[in-house]
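Please read it beside the sequence and the coordinates.

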Amino acid sequence: MREPQAIVVEPLAATVDELYRKFGVWKTARALMSAAWRRRQAQNQITHLSNRMRRDIGLPEAEEEVPIWDIGAFIQAKAGRPD
C-alpha cells in the first residue's frame with residue numbers, strides 16, 4: 001500500500017474570497033463567466049470520426065461524400081442514389 005498523502009485544500013469560500021481581494025469582484029466574476037462559457041462551448045464532436053471508429057462505439061456510419069474530381073466514383077455514387 002502507498003503511504004497516505006496529506007493534501008491541504010482550502011474551502012471554496014476562502015479561495016473565492018482571496019480572488020476577490022486580489023483581483024476585484026468584477027474581474028473575478030468575468031473570469032468565472034468566461035470559464036463557464038468556454039466549458040459550455042466544449043462538446044464532444046463525432047463529425048471527424050471515421051466509419052470504423054463509429055462502428056466501434058456503436059454509432060451509425062456516416063454517409064461518405066465522394067469528391068467530384070474522382071469522376072468514376074462520383075458517377076457510381078450518384079447512380080446508386082435516387083436524386
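A search of the whole structure finds 2 salt bridges, a salt bridge being a side-chain nitrogen of Lys or Arg within 4 Å of a carboxyl oxygen of Asp or Glu. This is a predicted model, in which local features need pLDDT of at least 70 and side-chain atom pairs count only at pLDDT 80 or more, while totals for chains, interfaces and linings use all residues. Residues are numbered from 1 along each chain as its sequence is written, and side-chain values use heavy atoms, with hydrogens and water left out.

The two pairs are set out here.

| Salt bridge | N to O distance |
|---|---|
| Asp 17 and Arg 21 | 3.2 Å |
| Glu 61 and Arg 55 | 2.6 Å |

Asp 17 and Arg 21 both belong to helix H1 (residues 12-23), where they stand 4 residues apart, about one turn of the helix; helices here are DSSP runs of H or I with at least four residues, strands are runs of E with at least two, and both are numbered from the N terminus.

Arg 54, which is found in helix H3 (residues 51-56), is buried yet has no salt bridge, and the nearest side chain of opposite charge, that of Glu 61, is 8.5 Å away; for charge, Lys and Arg count as positive and Asp and Glu as negative, with His and the chain ends not counted. Leaving aside residues up to four places away in sequence, Arg 54 touches Ile 46, Thr 47, Leu 49, Leu 59, Pro 60, Glu 61 and Ala 62, where contact means heavy atoms within 4.5 Å.

Tyr 20, Val 25 and Trp 26 make a nonpolar surface patch of about 380 Å². Such patches take residues with over 30% relative accessible area and no salt bridge, joining nonpolar side chains (Val, Leu, Ile, Met, Phe, Trp, Tyr) within 5 Å and like charges within 9 Å. Trp 26 sits in helix H2 (residues 25-41) and is exposed, with a relative accessible area of 71%.

The protein chain has 4 helices and 0 strands, and 6% of its 83 residues count as buried. The chain exposes about 8,500 Å², of which carbon and sulfur atoms supply 58%, the areas coming from the Shrake-Rupley method with a 1.4 Å probe. H1 is followed by Gly 24, whose phi is positive, near 95°.

Methods. Buried < 20%, exposed > 50% of the residue type's maximum accessible area, 1.4 Å probe, protein only.
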